[in-house]
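Subject: Structure handover

Hello,

Here is the structure we talked about handing over. Please open it alongside this message.

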Amino acid sequence: MNMDKIYLKDYEKPSFEIKTVDLEFELDDTQTRVKNTMLIQRKAEANVPLVLLGEELELKSLILDGQELHSSEYEQSNTSLSLHNLPESFVLEIINIINPQANTALDGLYKSSGIFCTQNEPEGFRRITYFLDRPDVMAVYSTKIIADKILYPILLSNGNLEEKGDFDKTKHYAVWKDPHPKPSYLYALVAGDLGCVNDSFTTMSNNEIELNIYCDKGNESQCAHAMSSLKNSMKWDEQRFGREYDLDIYNIVAVDSFNMGAMENKGLNVFNSHYVLADSDTATDENFMGIESVIGHEYFHNWTGNRITCRDWFQLTLKEGLTVFRDQEFSADMNSRSVQRIADVKALQERQFVEDASPTSHPIKPESYIQINNFYTATIYEKGAEVIRMIHTLLGEEKFRSGMDLYFKTFDGQAVRTEDFVWSMQEASGFDLEHFKLWYSQSATPEVDVKTKFDEKSKTLELTLTQSFNTAAGVKQKAYFFPFKLAILDENGKEISLKMKNENQPFIDKGILLVSQENEIFVFEDVKTAPVLSLNQNFSAPIKLNTPYSFDEYAFLMAHDTDEFNRYEASQTLATMVLTKLINALEYNAPMKGSESYANAFISVLKDENIDNSLKADMLSLPSVSMLMQTRKILDIEAIYMARNFLKREIIREFGADIKIAYENLNTDVAYTINAKEIAKRKLKSILLSYVGALKDESTALKQYKNSNNMTDRLSALSILANSRGEGKKEALEDFYKRYKDNTLVMNKYLAVIASSELKETPLNVHTLLEDEVFDIKVPNLVRSLIGSFARNALHFHAVDGSGYQFIADKVLELDVLNPQIASGLAGVYKDYTRLNEKAKGLMKKELEKIIACKDLSKNVYEIISKILEVSDKDI
């Protein structure tokens with residue numbers, strides 16, 4: 001297999017343009033017949049061949065302008081079909097056979113659980129028919145689907161339904177047409193015996209849109225939240241960005257077997273059922289919020305991704321980063337803005353910061369790739385969204401909206417670049433973003449060292465910011481340009497008016513500095529007393545801050561900061577300082593000691609009735625294992641777990657009565673509702689229960705499990721019981737399995753709970769579940785829940801005997817044969833190689849070399865493992 005890299009610098013415009021695509025499918029499990037009729041125009045010189053891409057296709061006929069071609073008149077390989085000496089305009093008809101049943105990669109057209117379904121982003125359409133399968137080839141599609149009436153009463157594709165009827169005595173057909181040009185990755189087809197929930201939405205132009213959510217029969221009652229989220233998304237996009245829906249029908253289909261979270265195919269979104277189905281008995285609050293976010297994300301793609309798409313896959317963040325920003329803003333407007341911001345940044349820090357510091361680090365606009373599937377990453381999505389957010393901060397809401405309007409007006413119906421988006425923002429606002437573009441081309445997370453100097457005599461405060469860059473490859477980088485929001489607080493926590501000594505220094509409204517140099521000094525006047533600075537408020541830039549602040553200063557910010565996000569950040573920094581001392585003590589065989597100062601800060605937050613319960617829950621949560629791992633040069637995983645557990649025990653021993661009282665006040669018997677107030681209560685209750693459970697007392701968790709009337713409370717109790725050793729654990733796990741074993745979505749939760757347990761028997765339990773009837777290695781959700789959760793369980797993945805590395809390596813190879821995309825996602829867990837001790841490095845490298853030596857290894861897995869091994873070779 002060709003493992004050569006594809007480079008952005010080598011991009012060339014397509015030599016041919018496909019104007020229309022008329023598809024006809026005769027669906028069959030193993031012999032689906034695809035007829036593809038294309039109107040094509042040549043854009044290059046006459047001697048340039050037409051090279052169509054195709055994989056796993058059985059070519060039956062090739063007809064050019066009504067004349068069937070002999071095999072001597074074209075060239076065919078395993079991945080392409082080439083034709084020479086073509087006229088300027090012609091009609092090409094291709095008939096080929098595909099085998100959906102055998103398509104375990106779930107890429108292209110596949111069949112799973114009785115449903116025909118497609119997933120074509122990024123390069124799946126070439127597994128359906130021969131095509132110019134690239135995003136800058138945009139055509140108008142029509143689709144005729146022919147299938148068995150009984151087995152597949154529902155026939156769906158992109159656009160509007162034009163016609164339907166009987167094909168013969170046993171089959172029927174449907175014809176769909178999408179009037180909007182689109183790339184092949186947005187093509188979709190679904191056929192099955194599905195239930196449906198129907199509604200409608202009236203647009204701001206008074207057009208009534210038919211809304212349908214399709215799911216397995218019997219699950220219709222679980223679609224209400226998804227439908228509500230869809231209608232809220234449509235209304236929000238009209239109000240916030242002036243974007244109106246442009247077809248007569250909007251269809252969503254929920255399927256269990258799906259590689260991604262969801263797919264924004266024009267007019268026919270295909271969703272992982274995890275992001276559609278929900279009720280109080282089967283879904284947690286987090287599931288409900290996730291559904292709202294992902295429903296919004298895919299709908300918002302209609303304009304930022306579909307109407308305007310990517311010129312090439314190097315521009316992926318153009319649609320994904322922008323649309324993540326849009327869905328984050330939607331969720332913030334629907335719920336709590338500060339709570340949403342904390343959740344977004346936590347996800348960025350735990351996933352993307354790790355990626356940025358690893359051998360798989362890449363810019364949001366990469367320069368090369370071997371397999372584009374590997375670049376659907378936290379960097380492209382979450383960091384990409386932060387880059388958009390910084391532009392929003394720099395321009396302000398009004399000018400940002402003007403930039404968006406210009407972007408839509410100028411580039412509607414086109415495949416464009418990130419430069420075109422930045423041009424729109426710059427042109428509409430007059431703000432120079434040339435230096436800012438470095439965020440698109442440079443990787444790694446900038447670190448900013450902070451120094452302050454207060455002069456009581458002159459009443460000035462000097463702030464020095466110094467940027468540094470630790471790239472995995474050691475590449476020299478230039479200083480970034482970014483907004484840096486801050487506030488100066490007096491001894492009472494009151495904000496002091498900001499007055500710059502040098503009025504020519506870059507400074508915009510609402511306390512936002514413009515940072516652009518590697519080393520920069522800002523001087524503030526009329527600062528009467530020694531202040532404390534609240535820095536990078538609301539996480540105005542995706543950076544790591546290194547401050548000289550003491551424990552007491554962070555405690556002050558935790559109690560008084562005017563920015564809620566920074567109060568949360570201060571709480572996490574305080575806890576990290578305490579945990580760092582505990583980890584260091586373990587590594588030096590010294591006794592661990594609790595922190596009275598942290599305990600006092602903790603109880604102060606717990607008793608503060610003015611803090612929102614959701615923010616309080618975040619502030620009382622200890623930093624995750626992932627966050628603590630980022631603070632260590634050499635990883636001692638066991639010490640991290642021991643330190644976290646020790647600190648939890650110290651807190652519950654010191655303030656057990658207060659914590660239990662607070663818990664009981666929240667543990668009231670009320671009907672389950674999805675609103676911000678009740679969600680916040682359940683969130684805080686869950687955090688407090690985790691402290692109670694730290695003493696391995698099962699009684700409280702078991703009581704909550706038995707009395708809960710919703711999955712949020714039930715699952716939080718089960719997660720705590722899964723780490724205990726009493727009879728309550730066995731009772732709860734057996735009850736949960738028996739109650740939900742026929743519900744795949746809930747079984748995903750069960751598998752994740754087992755695989756995430758800290759108990760020493762967890763690896764054995766995971767091996768046992770691999771053979772359980774509820775597990776199927778061909779279903780991505782189940783793989784992510786069981787094998788993926790174990791891989792993220794650092795305590796067992798980094799087992800000192802290397803058994804965790806070996807287990808995951810074996811599963812990567814097993815999955816690679818079935819579904820390379822899922823296999824490569826799992827392979828990314830090895831990215832912490834550079835921070836292991838020498839023994840662990842040796843054990844991990846052995847497994848990496850085993851994977852890379854596999855004869856038929858996919859490009860997906862090869863790209864990930866080869867990058868990590870490249871770093872390991874330099875480490876010798």
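This is a predicted model: local features need pLDDT of at least 70, side-chain atom pairs count only at pLDDT 80 or more; totals for chains, interfaces and linings use all residues.

Strand β9 and its partners

Strand β9 covers residues 89-98. Eight of its 10 residues are buried, so β9 is largely enclosed by the rest of the structure. Strand β3, residues 32-42, pairs with β9 in the antiparallel sense, and 10 bridges link the two. To find this pairing on screen, look for Ile 40, which stands opposite Phe 90 of β9. Strand β5, residues 58-64, also runs antiparallel to β9 and is joined to it by six bridges. Here Leu 59 has Asn 96 in β9 as its bridge partner. As background, side chains in a regular strand alternate between the two faces of the sheet.

The three-stranded sheet

Strands β4, β8 and β7 make an open sheet in the order β4-β8-β7, with antiparallel pairing. Its edge strands are β4 (50-53) and β7 (75-76), each of which pairs on one side only. Between β7 and strand β8 (residues 80-83) there are two bridges, and these strands run antiparallel. Gln 76 is found opposite Leu 81 of β8.

Gln 315

Is Gln 315 buried or exposed? Its relative accessibility is 1%, and buried means under 20%, so Gln 315 counts as buried. Gln 315 lies in the loop between β22 (309-310) and α3 (316-334). Leaving aside residues up to four places away in sequence, Gln 315 touches Leu 8, Cys 310, Lys 365, Val 416, Arg 417, Thr 418 and Glu 419. For a sense of distance, Gln 315 and Val 532 are 217 residues apart in sequence, and their C-alpha atoms are 41 Å apart in space.

Helices α21 and α23

Two packed helices are described by the angle between their axes and the distance between the axes. For α21 (residues 780-792) and α23 (residues 803-818), the axes come within 10 Å and cross at roughly 145 degrees. This crossing of α21 and α23 is left-handed. On the α21 side, the contact is made by Val 783, Ile 787, Phe 790 and Ala 791; on the α23 side, by Gly 804, Phe 807, Ile 808, Lys 811 and Leu 815. Seven of the residues in this contact are nonpolar, one is polar and one is charged.

Regards

Key: Residues are numbered from 1 along each chain as its sequence is written. Side-chain values use heavy atoms; hydrogens and water are left out. Axes are lines fitted to C-alpha atoms, for helices over the stretch in contact, and angles run from 0 to 180 degrees between N-to-C directions. Helices (H or I, at least four residues) and strands (E, at least two) are DSSP runs, numbered from the N terminus. A crossing is left-handed if the near helix is turned anticlockwise from the far one by less than a right angle, and right-handed if clockwise. Contact means heavy atoms within 4.5 Å. Ala, Val, Leu, Ile, Met, Phe, Trp, Tyr, Cys and Pro count as nonpolar, Asp, Glu, Lys and Arg as charged, and the others, Gly among them, as polar. Buried means under 20% relative accessible area, exposed over 50%, partly exposed in between (1.4 Å probe, protein chains only). Two strands pair if DSSP finds at least two bridges between them.
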